[in-house]
Amino acid sequence: MEQAEYVLQVKDLKVSVETAAGYLTLIEDVNLELKPGRVLGLVGGSGSGKTVTSLALLQMLDRQTSVIEGSIRLHTRELNGLPEKDMRRLRGSSLALIMQNPMTAFSPVYTIGVQFVESIRTHVKLGKKEARACAIRSLADVNLPDPAALLGKYPYELSGGMLQRVMLALTLCLKPSVIIADEPTTALDVTNQLQVLRQLDRMRQEHGTAILLISHDLGVIAELADEVAVMQHGRIVETADVFELFDHPRHEYTRELLAARPLLQLSPQLGGQL
Amino acid sequence: MTGIAAEYMLEVREVTHTYAASRRWRRPAKQDNVLSGVSLHIEEGTCLGLLGSSGAGKSTLGRVILGLEPPRAGQVLIQGQDLYKLSPQARRTIRRDLQVVFQDCYSAVNPRMTAEQIIGEPLSNYESLSVQEQKRAVGELLECVGLSAEDMQKQPYQFSGGQLQRINIARAIALKPKLIVLDEAVSSLDMINGAKILRLLGELRAAFGLSYLFITHDIKAACMISDALAVMDQGKIVEYNDSKEQFLQSSHPAVRGLLDSMLAEHPRNRHRELPGLSDLSGDSAQ
């Protein structure tokens with residue numbers, strides 16, 4: 001297979017869903033390009049279509065009621081229209097998703113270890129012991145203390161930040177070429193946020209993983225992204241280098257987003273007029 | 001922290017609180033203090049930002065202050081009156097001065113009620129208004145928080161998160177309270193909506209002379225709205241400062257941890273390394 005310059009190339013993506021009143025277009029004219037080892041930030045307010053984009057890329061929208069048009073190329077393979085059976089093989093191993101809420105991403109009735117090993121063995125031909133060893137290695141890799149004991153724990157015994165790191169470790173194990181991180185830090189507190197972002201950074205440096213970082217928080221984008229696409233009302237309104245975007249925003253919506261950033265200011269500017 | 005108690009809108013004195021871990025199979029009962037010896041005060045018309053990482057006890061303190069959980073020890077004084085020593089009648093009266101806005105706006109409202117019913121509920125509990133009067137009051141409250149009186153018949157699912165949070169705020173200010181506990185009130189909103197809500201809170205505070213306890217882990221948001229800042233760590237207040245300049249210079253590890261892990265405002269300021277990796281990896285389960 002020839003090595004394409006882009007790991008993931010999305011062209012003219014359009015998603016519409018069937019409603020009682022006919023087809024409703026959710027996103028339109030979405031063009032994204034991910035290079036190996038680079039982070040593309042996708043930023044926008046709530047309801048702008050960020051998550052729909054990520055689900056469309058993974059072909060995880062309901063096939064009965066939604067229509068995906070356009071092209072999604074992973075390396076040289078076209079994903080749009082790929083049968084569910086083939087898609088399942090790709091999800092996790094080549095195209096991984098990290099979700100916002102780590103609490104709901106794990107089943108509460110199985111231990112971390114059972115879920116971890118199952119996921120590894122679904123994609124990679126490994127024995128149980130080998131898969132377990134791999135799990136322990138990658139858990140240690142994301143700085144989780146005592147990985148062997150961790151595998152015997154249930155999701156509710158861990159904090160949100162730890163669970164999100166377990167999720168990262170699992171992703172790490174399968175070495176996907178693209179990670180879609182959909183608000184990976186929104187549910188976490190500040191100290192854990194940075195921790196998770198640095199882990200993602202390491203992953204792309206060490207394994208050359210391309211990352212699509214979806215967030216509404218420009219702080220997260222500023223920390224990790226190389227390029228940024230700004231989304232509003234289901235369309236990408238601006239794509240720019242991260243420095244360019246923060247210094248010279250072109251689109252009005254981008255300027256609005258930048259202006260809404262909370263900045264560290266010493267005088268209270270709100271309600272200080274008392 | 002000495003002074004005449006009546007001076008303060010809220011004074012918390014040496015509050016200690018424990019959640020009894022139930023004795024379960026093969027697990028010894030253990031008791032950790034969720035709050036140990038917490039003292040703080042809020043002057044009338046000011047806002048105290050209460051910071052801390054998850055599990056520090058911020059929300060528990062908020063619940064204790066609201067009168068939802070009697071603490072094991074210590075006092076909560078609302079304008080000099082001990083909240084947990086009042087007669088049920090007096091407590092009911094004082095409770096209208098204490099309101100709360102939670103993080104998750106969807107679970108804070110009954111999905112089957114209309115905006116009018118949601119905002120009207122505290123009014124019908126405490127005030128005896130006629131139907132028309134109440135309707136007018138709800139309309140005014142909606143306009144107060146930047147929605148229109150036409151939204152009255154809508155149900156929660158018809159609002160966006162930001163709009164619904166405004167409805168929660170409208171409900172909180174319906175009885176003209178004196179203190180509002182804002183427990184991560186803007187954390188689940190996107191940046192534009194979060195900034196709008198912060199601005200609204202600032203305006204309402206100026207208009208009604210409200211006091212806020214602003215619970216958050218976002219230092220920037222806290223700095224924007226607060227007059228004083230406090231940091232909690234493992235159930236204790238480890239930093240309490242009226243001056244933000246001094247606060248930012250604080251050397252306490254918990255404060256530094258929060259300050260150092262603040263996300264960059266611009267890509268040129270991004271973190272090169274993880275601060276204090278060793279203390280972060282040891283965070284325990286909740």
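Contact means heavy atoms within 4.5 Å. Helices (H or I, at least four residues) and strands (E, at least two) are DSSP runs, numbered from the N terminus.

This is a predicted model, in which local features need pLDDT of at least 70, side-chain atom pairs count only at pLDDT 80 or more, and totals for chains, interfaces and linings use all residues. Residues are numbered from 1 along each chain as its sequence is written, chains are lettered from A and ligands numbered from 1 in the order in which they are written, and side-chain values use heavy atoms, with hydrogens and water left out.

**View 1. Helix H11 of chain A and its partners.** The buried residues of H11(A) pack against strand S3 (39-43), H9, strand S9 (227-232), strand S10 (235-241) and H10 of chain A. Helix H6 (191-208) of chain B joins this packing. Buried in H11(A) are Tyr253(A), Thr254(A), Leu257(A), Leu258(A) and Ala260(A). Buried means under 20% relative accessible area, exposed over 50%, partly exposed in between (1.4 Å probe, protein chains only).

**View 2. The interface of chain A and chain B.** In chain A, 53 residues are in contact with 50 residues of chain B. The two chains bury about 4,600 Å² between them, 61% of it on carbon and sulfur atoms. Buried area is the accessible area (1.4 Å probe) that two parts lose on being put together, summed over both.

**View 3. A salt bridge between the chains.** Asp247(A) and Arg268(B) meet through their side chains in a salt bridge (3.6 Å, N to O).

**View 4. Ser250 of chain B in its loop.** Ser250(B) lies in the loop between helix H8 (244-249) and helix H9 (253-260) of chain B. Ser250(B) is buried, with a relative accessible area of 7%. Not counting residues up to four places away in sequence, Ser250(B) touches Glu239(B), Val255(B) and Arg256(B).

**View 5. Met232 of chain B in strand S9.** Met232(B) is found in strand S9 (residues 228-233) of chain B. Met232(B) is buried, with a relative accessible area of 1%. Leaving out residues up to four places away in sequence, Met232(B) touches residues including Leu35(B), Val38(B), Leu50(B) and Ile237(B). Met232(B) and Gln79(B) are 153 residues apart in sequence and 23 Å apart in space, C-alpha to C-alpha.

Notes:
Salt bridge = Lys/Arg side-chain N within 4 Å of Asp/Glu carboxyl O.
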